[in-house]
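User: I have a model open and would like to go through it with you. Could we begin with the overall picture and then turn to particular residues?

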Amino acid sequence: MNLIKTNLTRINFSGVDIAKANLTEVDFAWTSFEGANLAGATITKSIFWGVNFRRANLTGAIFVGANLTGVDFTDTILRWVKFRGVGLVGAIFRGADLTGAILQGCDLTKANLTGAYRDRK
């Protein structure tokens, strides 16, 4: 699936499978991806203000220059995710699996990492 320069605000994508999608310059503000599969997705310069990613699978996804202000990653699988130059201000990572994740040049101001883990046995 390729979505480029599209406005998809306030849509419910809960439980959908859009693995390996290309999401470039898409506005997903206030959208829900609860329990969705976005494994291997490439997300470039997209807006995710206040998005719900609870219990979603984002394994191996790549986020570049995206705005994820206030995003909820509670209990989300973020294994081997790459965040490059991403705004994660106020993001919630409670119980998220960050095994192998790369956060490069990201703004984590006021992010909540309570219970998030890497390489839990």
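User: How many positive and negative side chains does the chain have, and how far apart do the centres of the two sets lie?
Analyst: This is a predicted model. The chain carries 14 positive and 9 negative side chains, and the centres of these two sets are 4 Å apart.

User: What does the secondary structure come to?
Analyst: The chain has 0 helices and 6 strands. Read from the N terminus, the order of elements is β-β-β-β-β-β.

User: Does the radius of gyration of the chain agree or disagree with a compact globule?
Analyst: The two agree, because a compact globule of 121 residues would have a radius of gyration near 14 Å and the chain has 13 Å. The C-alpha trace spans about 40 × 25 × 20 Å along its principal axes.

User: What percentage of the residues count as buried?
Analyst: Of the 121 residues, 40% count as buried. As for the surface, the chain exposes about 5,900 Å², and carbon and sulfur atoms supply 52% of that area.

User: Which residues is phenylalanine 53 in contact with, leaving aside neighbours within four places in sequence?
Analyst: Phenylalanine 53 contacts Phe33, Leu38, Phe48, Leu58, Leu68, Val71, Asp72, Phe73 and Thr76, with neighbours within four places in sequence left aside.

User: Asp72 is in that list. Where is aspartate 72 found?
Analyst: Aspartate 72 lies in the loop between β4 (62–64) and β5 (82–84).

User: Is aspartate 72 buried or exposed?
Analyst: Aspartate 72 counts as buried, because its relative accessibility is 11%.

User: What joins the side chains of aspartate 72 and threonine 74?
Analyst: A polar contact of 2.5 Å links the side chain of aspartate 72 to that of threonine 74.

User: And which residues does aspartate 72 touch, not counting those up to four places away in sequence?
Analyst: With those residues not counted, aspartate 72 touches Val51, Asn52, Phe53, Arg54 and Ile92.

User: What separation is there between the C-alpha atoms of phenylalanine 53 and isoleucine 92?
Analyst: Those C-alpha atoms are separated by 9.8 Å, and the two residues are 39 residues apart along the chain.

Notes: Residues numbered from 1 in each chain as written. Predicted model: local features only at pLDDT ≥ 70, side-chain atom pairs only at ≥ 80, totals over all residues. Heavy atoms only, no water. Helix = DSSP H or I, 4+ residues; strand = E, 2+ residues; numbered from the N terminus. Buried < 20%, exposed > 50% of the residue type's maximum accessible area, 1.4 Å probe, protein only. Polar contact = N/O pair within 3.5 Å; in protein donor to acceptor, adjacent residues only side chain to side chain. Contact = heavy atoms within 4.5 Å. Rg over C-alpha atoms; globule rule 2.2 N^0.38 Å. Areas by Shrake-Rupley, 256 points an atom, 1.4 Å probe, with all protein chains shown as cover. Lys, Arg positive; Asp, Glu negative; His and termini not counted. Charge placed at Lys NZ, Arg CZ, Asp CG, Glu CD.
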